[in-house]
Amino acid sequence: MTSLLGEGVVGWDETDYRHYHAQLLRTDSLLQAMKPICREYVRPAQIDTLRSLLADKETHLRHIMEAMERQDEADSLLVNHLPEVARRATRVRTVRQKKSGLAGFFGGKKTVQMLPSAKELHEFSDSLTALQRKQAAEMEAYADSLRTRNRTLNRELGRLIRDLDTQAQTAFDAREQDISEAQGAPDIRSLEKEYTHALYRMRQDMGISQYPDANSTMRLTYGTVCGIEPRDAVICSWQTTTDGLLEKDDPSSYDFRLGGRQRELLQGLEEPLPVDFLTDNDITGGNSGSPVMNAKGELIGLAFDGNKESLASDASYTPGYNKCVCVDIRFVLWTLDEYAGMDRILDEIGYDR
């Protein structure tokens with residue numbers, strides 16, 4: 001989770017940074033505590049590498065925030081000083097000059113109006129352009145460095161999780177084997193496998209529809225966009241909007257606290273924007289991020305969660321209660337464009353703004 005928190009740094013304020021720093025300190029303490037007790041599962045050197053990567057990423061995030069602040073200063077310079085420079089540069093000035101010829105020799109003078117000069121304005125514009133280009137180049141360099149650091153961090157995290165999972169599973173299997181040998185009975189995993197095969201054959205003989213055995217292959221399922229009535233007098237709509245985000249905004253709760261800039265953008269919408277929607281697709285752990293398409297094959301959202309009534313769906317699907325929670329692709333694109341400013345990603349996917 002810590003590795004993903006910094007993705008929206010362009011919209012951070014000091015409160016967001018302090019939260020990230022606190023989260024990083026907790027993560028670092030956890031990793032340190034793991035070293036002496038998890039040697040069986042993961043190498044201490046891996047944990048040290050993760051701690052170093054996370055600390056390095058925090059430094060990058062701080063640099064990006066500072067670069068954004070300098071960009072704001074440059075914008076402020078333009079707003080506050082350009083009108084005055086423009087006024088001075090376009091002002092017609094009246095001056096007294098010495099006359100030419102004999103009249104000038106005897107001290108004669110004349111009043112002359114000087115035409116406006118845009119030199120000062122041009123010089124200011126050139127300096128501001130150079131400053132903006134410098135800031136943009138600096139931001140681009142930091143962003144590229146952060147993306148590289150993120151990829152490295154995510155690889156290390158993935159390796160750590162795989163090692164932990166493999167070692168834990170091996171330890172669990174060994175313990176189950178020891179118990180089975182002590183009891184003189186088959187282990188529970190063998191029984192579960194046998195039971196699953198028998199259940200599959202029974203349903204097949206009875207003509208009951210069931211999922212094919214397609215592990216490690218791509219699957220396509222279908223469903224309907226619909227709401228849910230989980231209990232009497234409780235009705236949940238099939239869709240949520242940005243109005244709900246603003247209604248739930250709670251500055252005292254991180255889970256429901258909107259960033260200052262994010263709140264301003266949401267409040268500035270002319271009309272509510274769709275955020276999430278429900279379908280009756282049957283999903284399970286590992287399906288998060290799966291594309292959701294309409295009947296025309298158009299991407300309309302991404303599956304990312306299920307309702308609490310669907311917790312038992314790994315064993316049994318319950319029609320009318322099992323719901324897949326999807327984020328609306330329009331909200332995803334709006335966030336990438338208006339909030340995160342991910343222009344290159346949007347250009348890559350051909351998003352027409």
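Which backbone oxygen does the side chain of Ser 310 reach at 2.6 Å? In this predicted model, the side chain of Ser 310 reaches the backbone oxygen of Asn 307 at that distance. Ser 310 is placed in the loop between β8 and β9. Because its relative accessibility is 11%, Ser 310 counts as buried. Leaving aside residues up to four places away in sequence, Ser 310 touches Asn 322 and Lys 323.

Strand β9 can be followed through its pairings. Strand β6 (residues 274–279) pairs with strand β9 (residues 324–328) in the antiparallel sense, over four bridges. Within this part of the sheet, Phe 277 stands opposite Cys 326 in β9. Five of the five residues of β9 are buried, so β9 is largely enclosed by the rest of the structure.

A further loop, between β6 and β7, holds Asp 282. The relative accessible area of Asp 282 is 19%. Residues under 20% are classed as buried, and Asp 282 is therefore buried. The contacts of Asp 282 are with Tyr 211, Ser 313 and Tyr 317, when residues up to four places away in sequence are not counted.

Among the helices, α2 covers residues 14–37 and has 24 residues. From its first C-alpha to its last, α2 reaches 36 Å, which is close to the 34 Å expected at 1.5 Å a residue. The buried residues of α2 are Asp 16, Tyr 17, His 19, Tyr 20, Gln 23, Leu 24, Thr 27, Leu 31 and Met 34.

In soluble globular proteins, nonpolar side chains tend to be buried together. The largest nonpolar core of the model has 11 residues in all. Its members include Leu 24, Leu 31 and Met 34, along with Cys 38, Val 42 and Ile 47. Leu 50, Leu 53, Leu 54, Leu 153 and Leu 160 also belong to this core. Two or more residues of the core come from each of α2, α3 (44–89) and α5 (119–183). With four residues, α3 gives the most to this core. Ile 47 touches Leu 31, Met 34, Lys 35 and Val 42, again without counting residues up to four places away in sequence. A second, separate core has seven residues, including Leu 266, Val 275, Phe 331 and Trp 334.

Note on methods: Residues numbered from 1 in each chain as written. Predicted model: local features only at pLDDT ≥ 70, side-chain atom pairs only at ≥ 80, totals over all residues. Heavy atoms only, no water. Pairing = 2+ DSSP bridges. Expected span 1.5 Å × (residues − 1). Buried < 20%, exposed > 50% of the residue type's maximum accessible area, 1.4 Å probe, protein only. Core = buried A, V, L, I, M, F, W, Y, C linked by side-chain atoms within 4.5 Å. Contact = heavy atoms within 4.5 Å. Polar contact = N/O pair within 3.5 Å; in protein donor to acceptor, adjacent residues only side chain to side chain.
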